[in-house]
Amino acid sequence: MFKYVIKRLLLLIFVVIGITLFIYLILSAAPGDPAQLILGMDATAEDIAALRAQLGLDKPVLIQYINYIGKVLKGDFGTSWLSGYNVYQEFLRRLPNTIALGTLAMMFAVLLGIPLGIVAAIRQNSIVDYLSLALAVILFSLPAFWFGLISQLFFCLRLGWLPASGVGTFKHFILPALTLGANVLASQLRMTRTSMLDVIKQDYIRTARAKGASERRVVLKHALRNSMLPVVTQVGISYASCMGGSVVTESVFSIPGIGSLLINAVKSRDIPVVMGTIIFVAVFVGIINLLVDLLYAYIDPRVKFAE
Amino acid sequence: MKKRRKNGGAVSGRSVWGLVWFRFKKNKLAMAGLFVLIFIMLAVLLAPLYVDYQAVVSQKITNRFKAPNATNWFGTDQFGRDLFARVVYGGRISLFVGLAVIMLSFVAGCILGGLAGYFGGVVDQVIMRIVDMFMAIPAILLSMAVVAALGNGTGKMLIALAVAQTPRFTRIVRSSIMGLRNQEFIEAAKCYGSSSARIIFKHLLPNGMGPVIVSTTLTLGQVIINIASLGFLGIGVASPTPEWGTILSETKAFIRYYPYLGLIPGACIALSVMAVNFIGDGLRDALDPRMKN
Amino acid sequence: MGNKMQKPANENLLEIRNLHVRYNTDEAVVHALNGFDLTLKRGETLGIVGETGAGKTTMALSIMRLLPKRIGEVTAGSIIYDGIDILKASANAMLKLRGKRISMIFQDPMTSLNPVQTVGSQIYEVLELHYPEMTREEKHRRVDEMLELVGIPPARKDEYPHQFSGGMKQRIVIAMALISKPELLLADEPTTALDVTIQAQILELVRELKRQFNTAMILITHDLGVVNEVCENVAIVYGGEVIERGTIEDVYVREKNHPYTEGLFGAIPDLVTDLPRLKSIPGYMVDPTNLPEGCKFADRCGFCTERCRRENPILHRLSDTHFIKCHLFEEGSNHE
């Protein structure tokens with residue numbers, strides 16, 4: 001297993017290099033001179049040339065990229081072109097907010113979505129089932145920014161129960177986590193229900209019933225663990241998509257996280273920040289997926305790490 | 001008593017799709033979704049016939065913040081523009097860019113996934129490793145990165161979103177084809193000397209289409225949301241061109257006092273996405289009836 | 001277990017009367033059983049033979065009351081098991097019957113074991129469910145003994161199903177079914193999914209254990225040869241009805257048979273006589289979504305008359321043990 005983990009981590013490095021190379025290449029191929037953008041329209045030609053040299057923009061793209069990656073591997077993510085802050089330091093400052101938001105959203109979604117999905121499956125075609133499915137479709141169809149805006153309007157501005165924006169206390173995170181988790185809740189619920197329905201039709205469930213196991217025991221002892229296999233994978237995918245969704249949620253609730261950093265960087269084409277964010281997310285997602293696969297192997301004895 | 005399960009196979013196309021349509025029709029939610037979607041599509045498509053584009057852009061400050069009424073069905077915004085006209089024209093972008101994104105990534109996914117699944121081996125390895133790479137980043141972040149590189153604009157956003165969705169389609173098409181590749185009717189086709197292209201396009205793709213179609217529909221919903229999200233974040237369609245997300249981003253400062261400004265455009269997105277999702281669910285149940293009962 | 005023999009109740013362990021079962025699917029209503037009659041004595045071994053779709057598995061699932069929920073529906077008839085009305089028994093009463101007094105072996109050993117539990121724990125569960133008074137050590141000892149009996153080294157009980165071959169999995173399923181020493185074993189095509197050589201071993205094992213435990217057995221199969229090897233009596237099923245029933249001799253001597261049974265025999269390759277080719281039964285299995293009014297075999301029968309199309313025959317008695325459901329065997333009429 002140790003060898004497997006090492007192999008996966010090595011693979012992750014290649015994935016990160018591949019994706020960053022792709023983005024770096026299209027970033028540099030895009031029209032417009034970043035130096036001009038940074039210095040503004042009234043900058044002199046010499047100033048621009050000097051800045052270009054300073055940023056390494058005068059070298060061929062591939063060399064630029066190799067230099068960049070070399071620095072990243074040493075932990076140097078460069079500085080923001082626009083505001084001059086150290087990208088790595090800024091990440092460290094904002095990271096806890098994004099991770100807290102994502103984790104809370106996942107907890108909310110998993111703790112509510114999986115049990116609801118199980119109940120919906122074993123009470124298939126009942127009121128509970130229909131209501132859960134309706135809830136899932138609604139949550140899945142609501143754009144997060146709208147859901148966020150409306151709940152902000154209602155719970156913060158009208159009722160005044162919760163703070164509308166910013167960070168600081170746990171209360172600050174409640175609405176953002178609900179907003180971010182709504183979509184995940186929907187997919188967890190549906191995945192669990194589908195998987196449970198599928199497992200319940202399997203022959204080994206019939207065997208368990210034929211042994212004289214009660215319905216409750218059949219579900220808890222025989223169906224649950226099997227039905228969790230695809231759900232676990234889904235949790236990994238959802239955690240990753242939370243990283244994407246947090247961009248929107250952070251913007252609605254003015255949370256100083258990685259997402260809001262990225263939005264400004266994208267608008268101003270602040271390449272070191274965009275690249276840094278992508279690398280961070282890719283590594284984070286890669287590690288989550290690795291953990292999910294390890295968990296999967298723990299649940300399913302058929303999975304072995306020998307390849 | 002074993003129920004007969006047929007697996008696509010050599011059944012003639014018409015009867016299979018006839019059966020799918022028969023089952024789909026029985027699903028009330030899916031049919032409701034279909035009608036709502038057709039209604040919205042027609043409403044926005046035919047917009048020039050009943051709404052003057054001038055109403056979308058012409059500002060009339062004296063007329064601002066009018067609540068919904070007989071002349072301005074959805075009220076007016078902070079510049080006195082008619083919200084109904086903006087929403088209707090905005091839908092053209094939200095929905096049709098969404099469709100275009102889906103079509104682009106669908107075609108690209110079918111080609112890449114078809115090649116990977118059919119040839120296997122090195123081709124498969126190379127394509128799938130690249131797909132893995134792109135899948136390492138959530139779709140919306142990848143789109144944002146591409147937008148950062150290409151710059152703002154509807155066309156560029158379209159490409160950015162399509163790039164982000166293609167890996168998913170590639171994966172689904174490939175796994176679908178992998179499942180079919182070794183089945184007897186493909187062997188049979190190879191035996192009487194069909195060419196690779198013919199086998200991919202005449203045999204594998206049509207038979208493996210079920211899951212792909214379902215996922216296409218469900219992805220359309222997410223793409224519509226993503227377009228609106230980018231618009232809302234100010235990196236999608238640039239104002240004053242109306243788009244559901246952009247409209248919300250412009251009016252969000254005022255929804256505290258004029259909630260209809262926020263409720264209406266958002267509801268349009270939610271309604272369209274919901275309709276699409278119901279259709280997708282209906283298709284899934286119709287294509288795979290084993291999931292029901 | 002000896003005490004079962006001393007029970008004063010009547011000697012019939014199982015009586016199925018006029019059982020009608022249908023499946024209500026989205027597309028159609030499938031009439032799986034249409035007046036199915038069967039009696040089984042204690043300790044009897046009965047083979048049930050019929051084509052795929054004849055209703056054999058439905059019958060077994062009805063006895064266990066494990067028909068698919070919402071789809072499967074018993075519309076008429078009764079199943080009496082040792083004085084218990086299965087169709088009216090409480091859910092709790094059924095839990096006590098299943099796995100303890102009635103066990104079932106399913107067709108496909110590949111899918112009938114839970115992939116995420118060790119085989120030992122799956123056998124152990126039967127004791128856990130039905131023998132709460134037993135100590136842990138005793139239960140473990142019983143599991144080991146049972147594994148030994150079916151020819152699996154007890155040391156392997158902590159392995160998972162995927163680590164065993166198909167034949168070994170079926171042995172494990174058999175161990176699971178017999179560890180509670182049931183009075184009735186329902187074996188639903190237990191060897192169909194296995195290689196021929198393994199088939200023989202498994203059948204031998206079932207026969208041996210059945211003898212040891214004095215269990216009554218219903219062996220469901222489409223293979224007349226298997227029945228001949230294992231069973232005392234045989235019932236032939238067509239279109240959800242028993243159309244012939246008798247001892248192995250009654251049926252296999254081939255003097256008087258239902259035309260369908262004759263057809264089944266004609267479809268077996270014979271290694272002794274040198275027939276030019278196998279005879280198949282013309283036509284297809286009766287469509288269970290659209291049953292004919294008269295005899296269900298009429299369409300495929302060489303002896304079909306007007307009457308057969310009109311009127312479903314009753315079970316005619318040829319001897320104390322031999323019964324045939326066909327107008328040809330009506331008293332007075334001459335079959336030849």
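Is N125(A) buried or exposed? It is exposed, as 11 other C-beta atoms lie within 10 Å of N125(A). (The cut-offs, with C-beta atoms placed from the backbone: 20 or more other C-beta atoms within 10 Å of a residue's own make it buried, 12 or fewer make it exposed, and anything in between is partly exposed.)

Before going on, keep in mind that this is a predicted model, so local features need pLDDT of at least 70 and side-chain atom pairs count only at pLDDT 80 or more, while totals for chains, interfaces and linings use all residues. Residues are numbered from 1 along each chain as its sequence is written, and chains are lettered from A, and ligands numbered from 1, in the order in which they are written.

Back to N125(A): it sits in the loop between α5 (87–122) and α6 of chain A. Helices here are DSSP runs of H or I with at least four residues, strands are runs of E with at least two, and both are numbered from the N terminus. N125(A) has a positive phi of about 65°, although it is not a glycine. Chain C has a case of its own: R70(C), also not a glycine, has a positive phi near 70°. You'll find R70(C) in the loop between α1 (56–64) and β4 (72–81) of chain C, and R70(C) counts as exposed, with 11 C-beta neighbours inside 10 Å.

Now for how the chains meet. Chain A puts 38 residues in contact with 39 residues of chain B, where contact means that two C-beta atoms, placed from the backbone, lie within 7 Å. On the chain A side, α10(A) gives the most, with seven residues. By class, that side has 29 nonpolar, seven polar and two charged residues. (Ala, Val, Leu, Ile, Met, Phe, Trp, Tyr, Cys and Pro are nonpolar; Asp, Glu, Lys and Arg are charged; the others, Gly among them, are polar.)

Chain A also touches chain C, in a contact that takes 23 residues from chain C and 19 from chain A. On the chain C side, α3(C) has the largest share, four residues. That side divides into 12 nonpolar, six polar and five charged residues.

Finally, look inside chain C. It is divided into domain 1 (12–101 + 180–324) and domain 2 (110–179), with bounds that come from an automatic or database domain assignment. Their C-alpha centres lie 29 Å apart. Where the two touch, 16 residues of domain 1 are in contact with 15 of domain 2. Helix α6 (residues 196–213) of chain C gives the most to the domain 1 side, with seven residues.
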